[in-house]
Amino acid sequence: MRAFTYERADSVDAAISAAAPLPSETKFLAGGTNLLDLMKGDVERPVRIVDINRLPLAQIVELPGGGLRIGAMVRNSDAANNRLVRTRYPLLTQALLAGASPQLRNMASTGGNLLQRTRCYYFYDASFPACNKRNPGSGCAAREGLNRIHAIFGASDKCVATHPSDMAVALAALDATVEVRGPSGTRRIPMRDFHRLPGDTPQRDTNLEPGELITAVELPPSQFAAHSHYLKIRDRASYAFALVSVAAALDMQGPVVREARIALGGVAHKPWRVERAEQMLAGRRLDSAAIAAAANAAVEGAVPLADNAFKVKLARAAIGEALETAGAMS
Amino acid sequence: MAMAEKRNGPDKLSGIGRARRRFLTEAGALAGGAAVAPYVHGADPPQARAPATSPGAPATSGAAPAVTHTRLIVNGRSHELDLDPRVTLLDALRENLRLTGTKKGCDRGQCGACTVLVNGRRINSCLSLAAAHDGDEVTTIEGLGTPAAMHPMQKAFVSLDGYQCGYCTPGQICSAVALLSEAEAGAASAVTRDVRAGGPARLNPEEIRERMSGNICRCGAYVNIVAAITSVAPKGRT
């Protein structure tokens, strides 16, 4: 690991000030579960670490109107097991518990989870010379290499990486908002705009500016607590990243869908909302024909690579199962 | 504590263990320049690198790193440490405090061998900077029990043979102890049928396997590990 300076911030303002002189070379340290791993692998090379573990951002508070504000330093295990999250947003609890291991969830923070970097092998192992995300302009080794775990939606010539978070997939389905603060003030970014598609700048995972700090995630009031399901498909039963995951949330009136939300994980550079499939379900009876039509629509336009065509079929089937399970709940 | 040592004859094996550790210490010292933190892994310039077979590279890359003063309360004892900021909690425990019960497996958060309890919660000590734990209370396997006065979970692993080589065992046991307190507090898991319901969690084998999924055992002692944890879990909750 390369040398860095370490300082602990005791306020949000102090953290932002500490990062301001060298915003691109400074990293905020929260749980460290991804950052330290990448620093050990020489993928991340910060010269300054600002430890934000003691910042007063570890609260979950109710918002007027029934929403919820989850502080950026709330640990994944605490967010998952918070009573209000479990009862109002069980989809988020399920997604959080599907990720990583109990130890890692005790460390990982809400803000840090959003900033996880891709698990593309060619990005993660610095001995591969070509990776546009790690080394802009160097090429993409995954496009012609082993790309079984890579994207089927929204990829570019420059990058076919996927975003690894489960939590972010549920947050996308639940229309969460990310609150960030930087030297020029506070911004609120809708989840759908928080992560980016790779395009020509795959080195940028998100629209967070250098030096900006995530302070909270806010959830709007939810009508989906009675009918939601997070389904994660992976190579082993637990403790692995998603090949495909589905966050499905339904607002039901009897057998009829009032509104649907569907987001996919493991298939794109960002949590992948499938609005067209959502709209097809709205106002329809949730029967097998409606589910099949929505699942088919959701994977339309998928562009598989040499090794990951199975993801198209898998996503379609997983959407079907997640919708069926969500619809059958009460 | 090392279970394999107890079963196979503590004197003989622990002697070998000491010799091996002494060798590693000397190998680290020979790599040179390791004044503050002899075991910081990484990507320092080639001239500063330790041999590939050594457990780590010295903490010198260009400018001398600043030292962070860190106070750790480990197994009830307070320690004041001056550390290179790169030192992980795992390396501080093993190399600075010589508490080698906590094991380094993958050193990348994938195996769970380094699991310790920090303020009562299980974490991977390999992915945590020691400096970030200033003032924290750490419990390692040495703090759970001793060969003469074992923790109930240690006893269960011994009596139900919840290990083979023993390398992952300290992490497994720390993890299992935390699992029981999490379940008691009502924590849900990925296999919990309905996360909306509260109350203490049931600990059937499926739940135990999921809740222990962060601890890999290359010997494959999982069946007996589940049995050991089941035997310590509250009766009527399994």
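Analyst: The account below begins with the contact between the chains and then turns to each chain.

The model is predicted. In it, 34 residues of chain A are in contact with 38 residues of chain B. Several elements of chain A give two or more residues to the side that touches chain B. Two of them are strands, E1 (5-8) and E3 (48-51). The others are helix H2 (35-40), helix H3 (76-81), helix H4 (83-88), helix H5 (90-98) and helix H6 (102-107) of chain A. Sorted by class, this side of chain A has 15 nonpolar residues, twelve polar residues and seven charged residues.

The strands E1 and E3 of chain A, named above, also belong to an open sheet of three strands. The order of the strands in that sheet is E1-E3-E2, and their pairing is parallel. E1 and strand E2 (26-29) of chain A stand at the edges; each has a single partner strand, and therefore one side of each is left without a neighbour in the sheet. On average, neighbouring strands of this sheet are turned by 20° against each other, direction ignored. E1(A) and E3(A) run parallel and are joined by four bridges. One pair of bridge partners is A:Arg8 and A:Asp51, the latter in E3(A).

Chain B has 238 residues, of which 49% count as buried. Among the contacts in chain B with a separation of 6 or more, 56% are between residues 24 or more positions apart.

The domain assignment of chain B gives domain 1 (66-144) and domain 2 (152-232). Their C-alpha centres lie 22 Å apart. The contact between these domains takes 16 residues from domain 1 of chain B and 14 residues from domain 2 of chain B. On the side of domain 1 that touches domain 2, the elements giving two or more residues are strand E3 (115-118), strand E4 (121-124) and helix H4 (141-144) of chain B. The largest share of that side, three residues, comes from E3(B).

Notes. Residues numbered from 1 in each chain as written. Chains lettered and ligands numbered in written order. Predicted model: local features only at pLDDT ≥ 70, side-chain atom pairs only at ≥ 80, totals over all residues. Contact = placed C-beta atoms within 7 Å. Nonpolar A, V, L, I, M, F, W, Y, C, P; charged D, E, K, R; others polar. Pairing = 2+ DSSP bridges. Axes fitted to C-alpha atoms, helices over the stretch in contact; angles between N-to-C directions. Buried ≥ 20, exposed ≤ 12 C-beta atoms within 10 Å, placed from the backbone. Domains from an automatic or database assignment.
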